[in-house]
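Here is a short tour for anyone who likes contact criteria spelled out. Take a look at the model first, then read on.

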Amino acid sequence: MEQRSTRIALATWSALVVLFLWIPLALIMIYAFNKSNVQSWPIAGFTTHWFHVAWSSTDVRSALWLSVRVALVATATAILLGSAAAFAVARFAFFGREAVSFLLVLPIALPGIVTGMALNSFFIAGHITVSMWTIVIGHATFCVVIVYNNVLARLRRSSASLLEASQDLGADGLQTFRFVVWPVLSTALVAGGLLAFALSFDEVVVTFFTAGAQNTLPLLIFGYIRLGQQLPVVNAIAFAMILLTVIPVVLAQRLMRDTGVLRRGATAAVVTK
Amino acid sequence: MRAARLRVSGLFWRHPWAKALLLLAPPLLAFALVYLAALVALFVSSFWSVNPFTTEIQHIWNLGNYRTLWDSSAYRTIALRTIGIAAVVTLTDALLAFPLGYFMARIASGRSRAFIFVAVLLPLWSSYLIRVYIWRLILDNDGVLNWTLRKVGLPAPNIGYSNWAVWLIFAYVWLPFMVLPVYGALERIPESFVEASRDLGASGLTTFRRVILPLALPGVIAGSIFTFSLTLGDYVTPLLAGGASSQFIGNVVYESVGISNNVPFAAAFAAVPLAVMGVYLLIARRMGAFEAM
């Protein structure tokens, strides 16, 4: 066990790091109510006016709508491809299994401009004009690994003998899926989906290279900040976005806790070993 | 109907490879046709050039883009700055994260561990752009930092729009990527290893240096893949929060695509971080970082 002084020092350090992470987030919440156009500290006064301005802006609305559509399609694609790959890797031993994980993690492990520039050259070489779908393709490539990781973690902790038991008892594939696989998997899928949605909704580095002149919400904000325009509107959107990302992450966190089915499955696996 | 379904299940049971193939084909094909093809397109188009008058891409193989990069001291400086700041950011995050991960894994109670876990996770998922933007406000000359330091009687640092700002913001936004794998690696160290080391007469410091640190290292390297790679491939933070001499590789690529419309040159410069990360990933794999991800 560590000495008392070491423990106190580590606790203090940890508290400071957590404060470092959270003070900026708290500050943006205050700035959203800044009365003035000028973003200096302390803020000039309190107003909720900018929320109305942001909400009634057609630019903001159409960017938001595009972001939501892209994130929904990218998430759906990621769920299909990511869970299929996770099933194959978890349930079958085959040559090159390690390579699958490596390939799927590449889009987020490689620098953003590499992925962005690669897709950009790909679309130009293939004479593909930018549209909502080019953004979706970019987002889906790096969202797959999020779903894949969540589902794979869940499958690794659940026992494959449950499937055999189900088949021994005469269930067909569909019934096994409905009554055995789905209860174990559903929460992991939802959690992975929520995180993939959050990632897609927020992405800006790769999106620039696949969007052309279209504006997703992050691209619109990026433009505003770069040109120093509409900063009060940016503050208001920031407030909303921080709150909106908190919800899916907290939900995903709760969903990834072990369910009753799993815990029993895990115990069975330990006993049979 | 049911009989048919049972027959299908039986078929898959007898031929598991058929099921594996059916599951693997869609994701692997999608990745091969889009992502790998895109990486190839990046590599190939970096050897093309742009007609200076028509700005159309000429499909003639040449090393011109790479020669420009190699010969120009400005681009060399930019590449070295990018790699240098990425390395310093990674080191900063490792130093910030290790004691925190240690506290979470080995000292904190269950409740406070869960609290810190969520407190680290939430900033990771909240908007990257917003987190860069808020630091721009904080570090501005009329921002919170200068104001607070002046209030307590210290000189104002005025580090807004400089490489200091870029370093600080990168360290801030990528910190959770380091904390989580470091914590994971430290948490997996069995308490019995530590006890055995103490029983054999090692001091606390020796146990830390010879037992805990080597076992936690794959976690640090796993985290460093993200902090290093994400910094290497960024242009948003240098553009929004950097100064006149804060250009990154990403900024040159961004401007080549967005302003001068020279995709082949942008592709050639983007190949530099790709090569750097390729080497980095190979080393990380050797050191067992992939199991800690």
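## A partly exposed leucine

B:Leu36 counts as partly exposed because 15 other C-beta atoms lie within 10 Å; buried means 20 or more such atoms within 10 Å, exposed means 12 or fewer, and partly exposed is in between, with C-beta atoms placed from the backbone. B:Leu36 sits in helix 2 of chain B, where helices are DSSP runs (H or I, at least four residues) numbered from the N terminus. From B:Leu36 to B:Ile138 the separation is 102 residues in sequence and 41 Å in space, C-alpha to C-alpha.

This is a predicted model, so local features need pLDDT of at least 70 and side-chain atom pairs pLDDT 80 or more, while totals for chains, interfaces and linings use all residues. Residues are numbered from 1 along each chain as its sequence is written, with chains lettered from A and ligands numbered from 1 in the order in which they are written.

## Where the chains meet

Chain B brings 76 residues to the contact and chain A brings 66; being in contact means C-beta atoms, placed from the backbone, within 7 Å. On the chain B side, helix 2 (residues 16-45) gives the largest share, 16 residues.

B:Val253 also reaches across: setting aside neighbours within four places in sequence, its contacts include A:Ile113 and A:Met117, along with B:Tyr235 and B:Phe269.

## Around helix 7 of chain B

In helix 7 (residues 144-151) of chain B, the buried residues are B:Val144, B:Leu145 and B:Asn146. Their cover includes helix 1 (4-31) of chain A and helix 6 (128-139) of chain B. Just after helix 7, B:Gly153 adopts a positive phi of about 85°.

Notes
Contact = placed C-beta atoms within 7 Å. Helix = DSSP H or I, 4+ residues; strand = E, 2+ residues; numbered from the N terminus.
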